[in-house]
Every structure is written in structure tokens, then in C-alpha cells.
Amino acid sequence: AEGQADAVYNRVVIEYKAPGTLRPDLSHRPTADAIAQLRRYVNGLAREQQREAERLLGIVLDGDYLAFARYRQGHWNVEPPVPVTRTSAEHLLRALFSLAAGRALIPENLVEDFAQSGLSHEATRALYNALTGRPDDLTGRLYRQWQIFFSEVSGYDEESVRLRDKKELRAFAEGMGLDSAAVDPPRLLFAIHTYFSFLVKAIARLVLERQAGGTLGARPLSTIANLPGPALRHELSELESGGIFHALGLQNLLEGDFFSWYLMAWNGEVEQALRQVLAHLAEYNPATVEDDPYAARDLLKKLYHYLLPREMRHDLGEYYTPDWLAERVLTQINEPRYIMPNAKPRAVRNLARPKRLLDPACGSGTFLVLAIRALKEHCQRQEWNEGEALDLILRSVVGIDLNPLAVMAARVNYLLAV
């Protein structure tokens, strides 16, 4: 395989160099030579084991610095060497222990890693604490505005819905390491919504990294997670303002919302929590979304469900349609273009002028995603090309919701579905 790699662990190739060899500059000759050697090892191993180079990760390490190299969409994506720190060493270990294909981007894994783990508790607690003592600054004003808006959307009123007295809330707060007797329910809800919003945006970016194929110069999440505090905050500011989404022509995926306030309340606890979220998410394989398009479903609904106890969600009037019921409803409207792919196909005489489908309370987009899946199946049967199918979907499937958090989740789910 064009020489002998120093170490190969499953899909990870490691090249060791003498201390002092690497510099945090890819134009530095010894660093460039080490990266070139690593690339040859990865390419050779891919040929020898008949693997796709994209499924391999290359690492070069001299004890002081380490660099990661990946092959994506016909391009090498090489991260400039970073100092060996607790954070970068953890990134290295996570790469070694990750599965051969990367963690599958499916609802069950997202729930396990980001809703039922200490990670979600740490992030929510950090955001909750960052809201403390900010009555008059911009963060405080955004929080008060969110309270007004959320009460209008959900009917939530602290006086009429006494969440503070609910045993489910007390147990939930204690599980997060908060004082259940003193917890402020609206502030806790705002922290949870902010955490969910951050996750949704980061998932969208992870998937679009693959679509960009390294051509936009966008840093992968694994690199962002290793940046020092000020640089990490800058990258997250780019994420919140649209960044890679605008570069790919998605002008309205994100709009100004309440949930970027954490950038103004930035502190060490918030930085560490969000860094860990990004590091975990970087382990996921975004190709999962493409590998089985007919398994497309609302990726984010289950994640949000498990962030809040069921009783609390129902007290807030939040009920979501299960996938099986949405599939049954779409089948029963008797419109052939929206019949689920596993149902018996029906003849479609005029696919160019389909009935449009509107969900006027779409939530996170369950009906929209399933309708898109059905339309894609029918377009394939009619041998339409992808551009024609996309145009048809954009003209035919529409959702509306009062809740801006739900709308953002629906937009990302819509994006993943197409």
C-alpha cells in the first residue's frame, strides 16, 4: 500500500513524526510532506482493502501537534495541525473508537447522544445559568420577548399552568443538576429551546458539508470543535448568521431568531458545553441521509420529544403526529402522488400538475417529509430527473406553523428530505 503506515486502527490511519516536525501551517514544508505521505497511505490502504477513501480518516502526529485529513467528494479536506490539548486528544480518541462507517444520522442515535445523556444536561444547564442576572441587556430583552411570543403560540401562562409545582419538572431539574425548589420554568424552557435550536442548525451544517464537498472552504465540525474560545465563538456566529447556507443558495433556511443570544452571554461553561456537542455530532456520518432515502422521516421530532418529559409537553399543548398515523392519513386522502412508497403504486396521469399539499400546523414537518418521500418515488417511476423532481416538490409541498422553533426544524427536515 505504497509504504507502511505507522498504525492502522480499523478506518483510522496514523502517521507519527519526530517531535517538532509539524507546524500549524499547511504551507510549512515538513508539515506538507507529512500530509502528502499520509494521503498516500490512505489511498493505498483504500485500494488494498477495496474500501472507499471517504470511509477512512488520516491523522499525523508529532506529540506537539496533530492534523486530520479526510477525502470528501473528490477533494482532500486537510485540517491545519492543532496543538495537542485535552480537547484535540479527546477528538483523536473519539475518532479511534468511532464505528467504521461513522455514527448513523438517525433519530434513535440522536436521542441517545443528545437527549438522554449527560451532554444534554450539561448544555442546558450552561445555557440556563448564562441567563441568570441579565434583566436589562440584549439577552434579557430577547428572553422577555420570547416569553411573550411563546405564551401566544402555546397558550402557556405561568399563572395558569403551574409547571413549577409539577413533580415531573422537579425531577427533570434535579436530573440536570439544578435546584428544583428554585428553578424558573420559563427560563429552563428557553434554555432547552436554545439547545435544540443549536443542534438543529449544527445538524443542517453537518449534512451540507458533504454537499459542499470542500469547495466552499467551510471548516468541518471536527475542526470547529477544536478551535480556541474566540475562534469557536466566531464560527458559531457565522453559523447563526447563515454562513454556509447562504453560500449554497439557501437564503431563508435560517432567519433572525431568539436563540442566538448565547453568543452575547458567552462564557467558559457555555463554550465547553457547546464544544462537546459539536465534537459528538462530528462523529456522525451525514451520508446516512442519502444511503436510504425511503427511510426518510422527521429526524428531529423524536429528539425534541425526549428533551422534555411527556407530561410537561402536554401541559404546554405540544402533541406531535406519529409517523404511522401520518402515513395512514396521506394514504387515505386518495391522491396517488402522496401514496407512501410501500403502498400499492397507482397510475398517475399528469404528474406535471399535482395537487398541492399544505399542512397548516406542520410542527417539525412530519407530513411534509413523508409527502416529499412519496413525490420522489413517483418522479422516479416517471423517470424524471432530479432537477425536475426538486422543482415539483418545491411547488407542491408547503407547511405553516406559529412556532418559530418548529418552523426551523421543519425547514431542516424539508432540506434533508430533498
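A crossing of two helices is left-handed if the near helix is turned anticlockwise from the far one by less than a right angle, and right-handed if clockwise. The views below show a predicted model, in which local features need pLDDT of at least 70, side-chain atom pairs count only at pLDDT 80 or more, and totals for chains, interfaces and linings use all residues. Residues are numbered from 1 along each chain as its sequence is written, and side-chain values use heavy atoms, with hydrogens and water left out.

**View 1. Helices α4 and α11 cross in a left-handed manner.** Helices (H or I, at least four residues) and strands (E, at least two) are DSSP runs, numbered from the N terminus. Helix α4 (residues 118–130) packs on α11 at an angle of about 150 degrees, and their axes are 9 Å apart. Because angles over 145 degrees count as roughly antiparallel, α4 is described as roughly antiparallel to α11. Axes are lines fitted to C-alpha atoms, for helices over the stretch in contact, and angles run from 0 to 180 degrees between N-to-C directions.

**View 2. Glu79 and Arg70 meet in a salt bridge.** The distance from N to O is 2.8 Å. Glu79 is buried at 4% relative accessibility, and Arg70 is buried at 14%.

**View 3. Glu335, Arg337 and Lys355 are linked in a network of salt bridges.** In the pair Glu335 and Lys355, the closest N and O atoms are 3.9 Å apart. This pair links distant parts of the chain, 20 residues apart, with both residues in the loop between α15 (323–332) and β9 (357–359). Glu335 is buried at 5% relative accessibility, whereas Lys355 is exposed at 57%.

Technical notes
A salt bridge is a side-chain nitrogen of Lys or Arg within 4 Å of a carboxyl oxygen of Asp or Glu. Buried means under 20% relative accessible area, exposed over 50%, partly exposed in between (1.4 Å probe, protein chains only). Angles under 35 degrees count as roughly parallel, over 145 as roughly antiparallel, 65 to 115 as roughly perpendicular and the rest as oblique.
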